[in-house]
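Take a look at the sequence and the model first, and then we can walk through them together.

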Amino acid sequence: MDALPIILDCDPGHDDALAMILAAKNPALKLLGITTVSGNGGISKVTLNARRIATLANIDVPIAEGAGKSILGAFEEANDIHGESALDGAELPEPKIELSLLHAVDLIAKLIRESDKSVTLIATGPLTNIALFLKMHPGLKPKISEIVFMGGSASRGNRTPYAEFNIWMDPEAAEVVLQSGLPLTMCGLDVTHQALVTPDIFNELDKMNSKLSKIIIGLLKFFAKTYDEVFEMPDPPLHDPVAVALLIDRTVVKTRMVNVEVELSGTLTRGATVVDLHNRLGRSANCNVALELDRSKFWNLMLTAIRSC
Ligand code: BDR
Ligand code: CA
């Protein structure tokens, strides 16, 4: 089967870094480009991190920097989870990959225009770039097969009691995506909290004994420490690569097609995704929601990608 053309929009970020590796190294996917959005760190930090990881893992695709603030102009770093650099825990190489002169939105448009097949967008950060792209290039919508995003939750949140970080950072952008009418898959905390980095995963990484695996161990140890401090979760959830893995093998997750809306004005719940699992609101289903993870399939894909670098 032909490889699926994808573009990854991300905010590295520990789990984004691993999402980049999975997106670039699995032969079922054809990574056309990487774009960055402010989220886990300010835009220049996450762009530098993306270029560093691409250098480290030999990922040779165009990288473009995108939005530094949400649609309404807000931004706040996530130092408590990802550290001062947004990717603390290991020494990373200086980037050898040049930054594209295009804005992320323009690179996405160019790559889609140039692709002979329709393209899948994967978003593992706030949805700002994707929403801007949809608004600025409505004519290219028919060339998007699907948008898969890591974000949201059918239950509780992580940035606030009910809002997940990526959606909380730019709820208006999430609203644009959810109302786009395009095929959507939401990969939220319900499923990513099943992708825990348990001690057996550290053992597997240890056995690889490569420069890359050692760096990944350093990064994930840092991530585990902050997750333990903030959420009392000593085995941290590797959120973002789940959104990539499900495109490699649809049986990695079980999904339900339901109505999902985002809370834009709640006093305490702004940025929460309202996932109507039992169709109580009678609104039309607009999003496939991932709810169950096949943990062993997921880790098999992730570890194979790291080994192949
Ligand atoms: C999401 O927020 C970020 O901290 C992670 O990179 C992930 O994309 C999890 O809520
Ligand atoms: Ca992310």
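A cavity here is a set of grid points where a 1.4 Å probe fits but cannot get out, and its lining residues have an atom within 4 Å of a point. Please keep in mind that this is a predicted model.

**The site of ligand 1**

- Ligand 1 sits in the largest pocket.
- The shell around ligand 1 is made up of Asp15, Asp16, Asn40, His82, Thr124, Met150, Asn158, Glu164, Phe165, Asn166, His239 and Asp240.
- Sorted by class, this shell has six polar, four charged and two nonpolar residues.
- Three helices each give at least two residues to the shell: H1 (14-25), H6 (165-169) and H11 (239-248).

- The side chain of Glu164 places an N or O atom 2.4 Å from an oxygen atom of ligand 1.
- For His82, the distance from an N or O atom of the side chain to an oxygen atom of ligand 1 is 2.9 Å.
- Asn166 has a polar side-chain atom 3.0 Å from an oxygen atom of ligand 1.
- On its own, ligand 1 would expose 280 Å², and the protein buries 97% of that area.

**The largest cavity**

- The structure holds two cavities of 30 Å³ or more, and the largest cavity contains about 40 Å³ of space.
- Its lining consists of His14, Ala17, Leu18, Ile21, Ile53, Leu56, Leu212, Ile216 and Leu219.
- Eight of these lining residues are nonpolar and one is polar, with no charged residues.
- H1, helix H2 (43-56) and helix H10 (211-231) each supply at least two residues of this lining.
- The largest share, four residues, comes from H1, a helix that also supplies at least two residues of the shell around ligand 1.

**The second largest cavity**

- About 30 Å³ of space lies in the second largest cavity.
- Around this space you will find Ser38, Lys69, Ser70, Ala74, Phe75, Pro126, Thr128, Met169 and Asp170.
- The classes in this lining are four nonpolar, three polar and two charged residues.

Conventions: Residues numbered from 1 in each chain as written. Chains lettered and ligands numbered in written order. Predicted model: local features only at pLDDT ≥ 70, side-chain atom pairs only at ≥ 80, totals over all residues. Heavy atoms only, no water. Near = heavy atom within 4 Å. Polar contact = N/O pair within 3.5 Å; in protein donor to acceptor, adjacent residues only side chain to side chain. Areas by Shrake-Rupley, 256 points an atom, 1.4 Å probe, with all protein chains shown as cover. 1 Å grid on protein atoms, 1.4 Å probe; cavity = no way out; pocket = protein on both sides within 12 Å on 5 of 7 lines; lining within 4 Å. Sits in = over half its atoms within 2 Å of the grid points. Nonpolar A, V, L, I, M, F, W, Y, C, P; charged D, E, K, R; others polar. Points joined across faces, edges and corners; volume = space filled by probe spheres on them.
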